[in-house]
Amino acid sequence: MKRFLGFVKKEFRHIFRDYRTLFILFGIPVAEILIFGYAISMDIKNAGVAILDLSHDEVTEKLSGKILSSGFFKKSADLLSYDEIDQVLKKGKTKAVIVFEEGFGKRLIREGKASLSIIADGSEPNTATLVTNYTTAIVNDFNIEIAGSALNNALKIVPEVRMFYNPELKSYSMFVPGVITLILILVSALMTSVTITREKEFGTMEVLLVSPLKPVQIILGKVTPYFILSFINVLVILAMSWLVFGLPVKGSIILLLAESMLYILMSLSLGILISTVSSTMQQAIFISLVGLMLPTILLSGFIFPIENMPKVYDYLSLIMPPRYFITIIKGIMIKGTGLLYIWKETFVLILMTTVFIGISVRKFKVRLE
Amino acid sequence: MSVVVQASGLSKKFGQTAALEDISFSVNESEIFGFIGPDGAGKTTLFRIITTLLLPDSGEIKVLGLDGTRNFKELRMEIGYMPGRFSLYQDLSVEENLEFYATVFGTTIEENYYLIKDIYSHIEPFKKRLAGKLSGGMKQKLALSCALIHKPKLLVLDEPTTGVDAVSRSEFWDMLSRLREYNITVIVSTPYMDEAMRCDRIALIQNGKLLAVDTPTVVKNEFRRKLFSIRSAEKHKLIIALRSLDETISSFPFGESVHVTFKNDRLPDNLDLSLRERGISDASITETESGIEDRFLELIQTTEHQTA
């Protein structure tokens with residue numbers, strides 16, 4: 001036990017003396033959460049819209065005021081003619097132009113109908129769709145308002161769509177679980193595989209092998225510090241997502257932490273496995289990045305829904321551990337599900353961990369060849 | 001006196017190349033046993049077999065009475081190993097390195113401090129310095145301290161003095177000599193012939209084969225020819241000139257001069273003249289005493305003749 005603790009102490013010293021390691025451990029997770037949370041936001045916030053109001057009456061003022069005060073949009077320009085539309089869209093700041101036809105207000109009152117066009121910048125399809133959807137929603141809202149005041153008692157069926165679990169469809173409630181999944185597997189697997197291959201490359205493994213340390217002690221000694229640090233990472237990310245984005249954990253936090261530990265353990269054992277098949281640090285880094293990071297981003301359902309993929313990828317993603325964890329963590333964080341609904345995924349992760357550890361211990365060489 | 005290492009018929013191949021061929025030797029308790037040979041002779045492979053890091057393809061080896069294949073765990077408790085490359089943790093300080101190895105072997109620095117005191121005291125003033133920032137000589141002293149801290153019965157040092165300055169080398173060997181008092185057996189390899197004289201027994205190794213095993217004096221004295229040392233400003237030209245003479249048996253560069261043997265153990269008649277004809281006018285010739293290197297080169301030459 002003393003030997004083991006001595007080994008762990010040594011590992012911690014390696015980690016805390018290497019600023020790059022520390023940065024990868026803590027800098028990247030924080031940066032990624034912020035990047036995914038803010039920059040790559042799928043929500044609209046202060047998107048630039050230009051108004052071309054050919055009518056200038058009470059109704060158009062009121063409606064454009066409602067659109068602009070929604071918080072989703074901010075006015076980027078007031079246009080005077082159709083000719084300016086192309087120009088203002090090309091500048092890029094304006095994502096859409098809202099055009100009120102001539103005599104908008106009068107028509108609405110007289111004929112009960114008036115037209116409004118939304119011209120969106122289709123070169124950013126995602127934003128364009130969001131902008132038009134949001135605007136349409138606001139206009140519909142407005143419709144109901146005036147209709148309500150004009151025809152008090154008229155019966156009307158208004159569909160009201162409600163999003164469960166993520167009522168505002170905030171995208172960071174999707175990204176936070178994704179980032180945790182990505183970061184844990186990356187940090188844990190990459191770091192352990194690199195630190196073990198480093199000993200091989202620097203020749204210190206030779207001395208460790210000739211020492212009375214058992215393979216299990218070497219492996220556990222390598223893994224323990226990263227287990228602790230990765231767990232701290234989870235806590236930091238959860239705290240950040242709560243403090244910065246106001247995203248609470250709906251389900252049991254204990255269950256979430258326990259599942260995270262399992263996932264960290266799985267990633268670490270994957271890292272050990274990588275280190276047993278690679279003899280240089282470069283090789284280990286390559287395998288971890290190409291073999292783990294890309295599939296995690298592409299095939300885990302983190303960004304692209306698995307249901308929309310060709311069947312081949314769907315099957316391929318079955319062997320990707322992140323796929324299971326993402327289901328688990330989304331369930332607990334956003335839906336508040338309990339173990340009852342995620343026991344299958346949990347079981348798969350446990351199985352994977354056992355297999356990885358088993359192979360690693362068997363493949364760990366007690367000699368140099 | 002008991003036998004610490006008993007090896008017979010060790011062979012090891014890496015792919016098609018034979019790293020070791022039919023190696024047999026034995027090392028006695030408390031002796032300093034040196035393997036002398038150039039780079040690529042097979043010393044490192046042999047040491048890795050002794051330290052259980054590699055298994056031989058054929059042959060048997062017993063270290064401290066234990067079988068390296070089956071009892072490697074027990075054996076690893078008793079061995080101190082210092083690989084050829086500097087293999088300490090560069091980002092840990094001197095003291096932390098030593099402490100780590102002490103803990104790993106289940107001991108403490110204090111417990112065996114007397115063993116390493118001589119050598120560790122040289123680097124102790126720098127104990128807070130990172131190992132990566134030490135000079136070559138200090139690194140080796142630290143590595144030796146780390147290999148010794150658990151009081152091993154057998155110390156295996158692979159080229160411990162390569163890349164170390166002359167003064168540090170000498171100190172290093174003084175230290176090794178003192179380990180006899182503690183009954184620690186030392187197996188050491190070196191490419192430096194001058195260090196061979198400081199071993200109790202040596203084995204000359206070349207191309208994976210042992211050429212001779214004996215005390216340095218016996219090995220040295222097996223060189224029975226008269227040896228001449230010839231100096232010239234143009235050493236390379238001199239060697240070519242000497243090799244073109246019929247009477248020359250061997251001529252090898254040796255430091256500043258060239259060591260030469262002639263047929264009938266005497267200088268050829270008109271050597272001066274013959275050299276002058278070949279463009280060497282400043283040759284100064286003296287008879288000299290042979291060293292281990294001369295015997296080594298002679299052995300290499302004879303084995304090459306046999307195989308050729």
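How far apart do the C-alpha centres of domain 1 of chain A and domain 2 of chain A lie? They lie 47 Å apart. This is a predicted model. In chain A, the domain assignment gives domain 1 as 2-40 + 170-363. Domain 2 covers 47-150.

Next, look at a pair of helices in chain A. Helix H9 spans residues 215-243, and helix H10 spans residues 253-277. Their axes come within 10 Å and cross at roughly 140°. An angle over 145 degrees would count as roughly antiparallel, and one of 65 to 115 as roughly perpendicular. H9(A) and H10(A) are therefore oblique to each other. The crossing of H9(A) past H10(A) is right-handed.

Which residues make the contact? From H9(A) come Ile219(A), Val223(A), Tyr226(A), Phe227(A), Ser230(A), Phe231(A) and Val234(A). H10(A) supplies Leu257(A), Ser260(A), Met261(A), Ile264(A), Leu268(A) and Ile272(A). Of the residues in this contact, 11 are nonpolar, 2 are polar and none is charged. An α-helix has 3.6 residues a turn, so residues three or four places apart point the same way.

Now turn to chain B. Helix H1 takes in residues 43-50 and is mostly covered. How many of its residues are buried? The count is 8 of 8. The buried residues of H1(B) are Lys43(B), Thr44(B), Thr45(B), Leu46(B), Phe47(B), Arg48(B), Ile49(B) and Ile50(B). After H1(B) comes Thr52(B). The phi of Thr52(B) is positive, near 70°.

Conventions. Residues are numbered from 1 along each chain as its sequence is written. Chains are lettered from A and ligands numbered from 1 in the order in which they are written. This is a predicted model: local features need pLDDT of at least 70, side-chain atom pairs count only at pLDDT 80 or more; totals for chains, interfaces and linings use all residues. Axes are lines fitted to C-alpha atoms, for helices over the stretch in contact, and angles run from 0 to 180 degrees between N-to-C directions. Helices (H or I, at least four residues) and strands (E, at least two) are DSSP runs, numbered from the N terminus. Angles under 35 degrees count as roughly parallel, over 145 as roughly antiparallel, 65 to 115 as roughly perpendicular and the rest as oblique. A crossing is left-handed if the near helix is turned anticlockwise from the far one by less than a right angle, and right-handed if clockwise. Two residues are in contact if their C-beta atoms, placed from the backbone, lie within 7 Å. Ala, Val, Leu, Ile, Met, Phe, Trp, Tyr, Cys and Pro count as nonpolar, Asp, Glu, Lys and Arg as charged, and the others, Gly among them, as polar. Domain bounds come from an automatic or database domain assignment. A residue is buried if 20 or more other C-beta atoms lie within 10 Å of its own, exposed if 12 or fewer, and partly exposed in between; C-beta atoms are placed from the backbone.
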